[in-house]
Amino acid sequence: MQTAIYPGSFDPVTLGHYDIIKRSSEIFDRVIVGVLRNSAKSPLFSVEERVKMLEDVTKGLPNVEVQSFHGLLIDFVRQNQARVIVRGLRAITDFEYELQLAQMNRVIAPEIDTVFLTTNLKYAYLSSSTAKEVAMYGGDTSAFLDPGVAEKVRNKYMAVNK
Ligand code: PNS
């Protein structure tokens, strides 16, 4: 049984993230989406909100579960008896950071490998931050976010802007 961990901030989950989760679920027996709790960035959504949105979006994928984690990713991977980390690569600009992360993790835990999936070209430009920026100014996010997630982002900015 091969378990893979797909970690991230997911503030919020985008259609690009979903694409990686779905494809990972077709490759691995079990995929755990790991939502980082102690992010240095100040997130728009609480970790509980981010986990709930991911659970809603992935409810049609039976071998996917969502958990939050804090501390080192490697510890979370080991706690779940996994040996693979999945990350999405959008463009060459992601590569340097992703390589650094993967190499650091490999030094800390040589038994754990990072596997990169190239994102669907449809979502190559997409990030949570750009999707949030569109929503913040009242733009249409339907090409970037699941409808339920888009509504939560809209509501969040309505509350913030009040
Ligand atoms: O979606 P993101 O924000 O690019 O994800 C980054 C993430 C969560 C994968 C990374 O920040 C992480 O693994 N954080 C946990 C702390 C850790 O283990 N860092 C790596 C060693 S420097």
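Colleague: Which element gives the largest share of the shell around the ligand?
Modeller: That is α4, which supplies four residues. The α4 helix covers 92-108, and β1 (3-8) also supplies at least two residues of the shell. Helices (H or I, at least four residues) and strands (E, at least two) are DSSP runs, numbered from the N terminus.

Colleague: What kind of model is this, and how are residues numbered?
Modeller: This is a predicted model, in which local features need pLDDT of at least 70, side-chain atom pairs count only at pLDDT 80 or more, and totals for chains, interfaces and linings use all residues. Residues are numbered from 1 along each chain as its sequence is written, and side-chain values use heavy atoms, with hydrogens and water left out.

Colleague: How many residues surround the ligand?
Modeller: There are 13, and the closest are Gly-8, Ser-9, Lys-41, Leu-73 and Arg-87. A residue is near a molecule if one of its heavy atoms lies within 4 Å of it. The shell divides into seven nonpolar, four polar and two charged residues. Here Ala, Val, Leu, Ile, Met, Phe, Trp, Tyr, Cys and Pro count as nonpolar, Asp, Glu, Lys and Arg as charged, and the others, Gly among them, as polar.

Colleague: Which part of Leu-73 lies 2.8 Å from a ligand oxygen?
Modeller: A backbone N or O atom of Leu-73 does. For Ser-9, a polar side-chain atom lies 2.5 Å from an oxygen atom of the ligand. In Arg-87, a side-chain N or O atom is 3.1 Å from a ligand oxygen. Taken alone, the ligand exposes 560 Å², and the protein buries 77% of that; these accessible areas come from the Shrake-Rupley method with a 1.4 Å probe.

Colleague: Turning to the loop between β1 and α1, is Asp-11 buried or exposed?
Modeller: Asp-11 counts as buried because its relative accessibility is 7%. Buried means under 20% relative accessible area, exposed over 50%, and partly exposed in between (1.4 Å probe, protein chains only). A polar atom of the Asp-11 side chain lies 2.9 Å from the backbone nitrogen of Phe-45.

Colleague: What kind of peptide bond joins Asp-11 and Pro-12?
Modeller: The bond is cis, with omega about 0°.

Colleague: And what is phi for Phe-10?
Modeller: Phe-10 has a positive phi of about 50°, although it is not a glycine. Most residues other than glycine have a negative phi, and most peptide bonds are trans. Phe-10 is buried at 3%, whereas Gln-81, with phi near 50°, is exposed at 66%.

Notes:
A polar contact is a pair of N or O atoms within 3.5 Å; within protein, one must be able to donate a hydrogen and the other to accept it, and residues adjacent in sequence count only if both atoms are side-chain atoms.
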